[in-house]
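These are my notebook entries on a structure I looked through. I began with a metal site and then turned to packing, aromatic rings and domains.

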Amino acid sequence: MEKALLVSVQVKTDKGHWRIEDISSELEELVSSTSVEITSNIICICDKPTANYLIGKGKVEEISAIANDEKVDTVIFSHDLSGTQQRNLERAIGKKTIDRTQLILDIFAQRARSPEGKMQVELAQLQYLLPRLIGKGIIFSNLGGGIGTRGPGETKLEVDRRQIRRKVDKLKEDLNNFRLHRLTTHKRRKSNNLPSVVLVGYTSAGKSTLLNRLTDSSQPTSEKLFTTLDPLSKSLSLPNGQNIIISDTVGFLHDLPHHLVEAFKATLEEVVDADLLIHVLDVSDHRLYQHNQAVLEVLEELGSGDKPMLTALNKVDLAVDRGWLNVTQKDFSDSVLLSAKTGENMEALIAKVSQYFSGLLLNIKVIIPHSRMELVDFFYRRAKINKIDYLDTGVRVELSIAKGLYDKISEDKDIKIIC
Ligand SMILES: Nc1nc2c(ncn2[C@@H]2O[C@H](COP(=O)(O)OP(=O)(O)OP(=O)(O)O)[C@@H](O)[C@H]2O)c(=O)[nH]1
Ligand SMILES: [Mg+2]
């Protein structure tokens, strides 16, 4: 098994307010999500970054000695490294050295299953690589992949920069085709007028567990980070009779590599087009507020910062201090304390979702002629029928209907809207 030495770095001039304990525990969680064994985690706090090594030279020597003692294959930094810093560190330590972005890209690469997911990760990897190519496009073999690949001192790999650029263009084109295909299916769904709800949240918050609980499905879940890379959509029937589409998404993380967000933007279009977001937060994690902040930042980056949102404060079954939870809940408007795992308080969340969509429904009365009886069935599927009377002139239906669907049926000359 590949062995890695972790280096958790806090640079005081960095924006953000992550404590070193949190930086270091997050790095451990990320690495534990791979098949790499952690030997030690070295803490390193510096006032400002250095151009050559990020951290001070003395600390580099200390790391080098530990890395040799512990016979590790790889050194993993919690902080992003420039191409120069990475090469210098690698030379000084004598071990393959990777940064947080490369680690995250590796995890994504190991998890990607669908052709689209794989392409998205490959695109992000190549874009990470391009500015790191040195000279005329010669790179060290280890830059081609992070964990699970060979270390420094191996044969240099000749990579033609133009070849990589061509590959990037091709991937972008193929991804665009996937996107167009998805947009067509999405449009079809929209034309069915089914409202869409999208689960968003920090990785491992319990989004897939919640989707499974709500829709009785079996989307894979695990304590490892970034379990879901391919979004899944399911239909859900609300107690008011309305059908909605509910979708799972890839988990977020603070300072998510920009290329990755870019590459996954197409998949995340579900978020952009959602009628309502459910933000799943893990209340058993003491970094709850940082997670919340990170998710809001990614939503902002996606241009979805102002979407209507409910907050599912998940994993209450793990919380020891319920009093604290009740206080915490006040910080999140439209929130429900629940457990996707045990099912506790699930009805409260469903009620909030129903309430949200009911508020958007119009109550109308229509008369359908006998020649168009299939419309009764249509309304049963797409709206909520409150009363139905069979008259000589046709069928009179009182129903609650979404605004979009109302606009559509008002174009149908056979349907007589009475109020
Ligand atoms: N105790 C407890 N565990 C939960 C709850 N919800 C989810 N989990 C666990 O938390 C872990 C992560 O859950 P997932 O549903 O995979 O989380 P996710 O948000 O989909 O994560 P990614 O897809 O990796 O972003 C799993 O081990 C779940 O069993 C809960 O309400 N209570
Ligand atoms: Mg998931």
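**Entry 1. Metal site.** I looked up S208 and T228 and found that both are buried. I note that the model is a predicted one. Which atoms coordinate the magnesium ion (ligand 2)? I found OG of S208 and OG1 of T228, at 2.0 to 2.1 Å. I then placed the two residues: S208 belongs to helix α7 (residues 207-215), and T228 to the loop between α7 and β8 (233-237), so the pair ties together parts that are 20 residues apart in sequence.

**Entry 2. Domains.** I recorded the division of the protein into domain 1 (3-156), domain 2 (194-358) and domain 3 (361-417). For domain 2 and domain 3, I noted C-alpha centres 34 Å apart. Across this pair, seven residues of domain 2 are in contact with six residues of domain 3.

**Entry 3. Nonpolar cores.** Which residues touch the most other members of the largest nonpolar core? I found F108 and F226, in a core of 53 residues. I listed the elements that each supply at least two residues of this core: β1 (3-11), α1 (20-32), α4 (100-111), α5 (115-129), α6 (161-191), β7 (196-201), α8 (258-264) and α10 (288-301). The most comes from α5, which gives seven residues to this core.

I next looked up the surroundings of F226. Leaving aside its neighbours within four places in sequence, F226 is in contact with L30, I104, I107, F108, R111, T203, G251, L253 and L256. Another core, of 22 residues, lies apart from the largest one, and I noted I246, V280, V336 and A340 among its members.

**Entry 4. Aromatic pairs.** My search of the whole structure gave five aromatic pairs. I examined F108 and F264, whose ring centres are 5.3 Å apart and whose planes stand at 75 degrees, so the pair is edge-to-face. F108 is in helix α4 and F264 in helix α8, so the pair ties together parts that are 156 residues apart in sequence. Both F108 and F264 are buried.

I then took Y289 and F332, with ring centres 5.8 Å apart and planes at 25 degrees, so the pair is stacked. Y289 lies in helix α10 and F332 in the loop between α11 (322-329) and β12 (335-337), so the pair ties together parts that are 43 residues apart in sequence.

**Entry 5. Helix α13.** I asked which residues of helix α13 (residues 374-382) are buried. They are L375, V376, F378, F379 and R382. Seen down the axis of α13, these buried residues fall within an arc of 160 degrees, so they line one face of the helix. I then looked up the packing partners of the buried residues of α13 and recorded β13 (361-368), β14 (384-390), β15 (395-402) and α14 (403-409).

Conventions: Residues numbered from 1 in each chain as written. Chains lettered and ligands numbered in written order. Predicted model: local features only at pLDDT ≥ 70, side-chain atom pairs only at ≥ 80, totals over all residues. Heavy atoms only, no water. Buried < 20%, exposed > 50% of the residue type's maximum accessible area, 1.4 Å probe, protein only. Helix = DSSP H or I, 4+ residues; strand = E, 2+ residues; numbered from the N terminus. Arc of directions from axis to C-beta. Contact = heavy atoms within 4.5 Å. Core = buried A, V, L, I, M, F, W, Y, C linked by side-chain atoms within 4.5 Å. Donors = N, O, S within 2.8 Å, 3.2 Å for Na, K, Ca; no water. Phe/Tyr/Trp six-rings, centres within 6.5 Å; stacked < 30°, edge-to-face > 60°. Domains from an automatic or database assignment.
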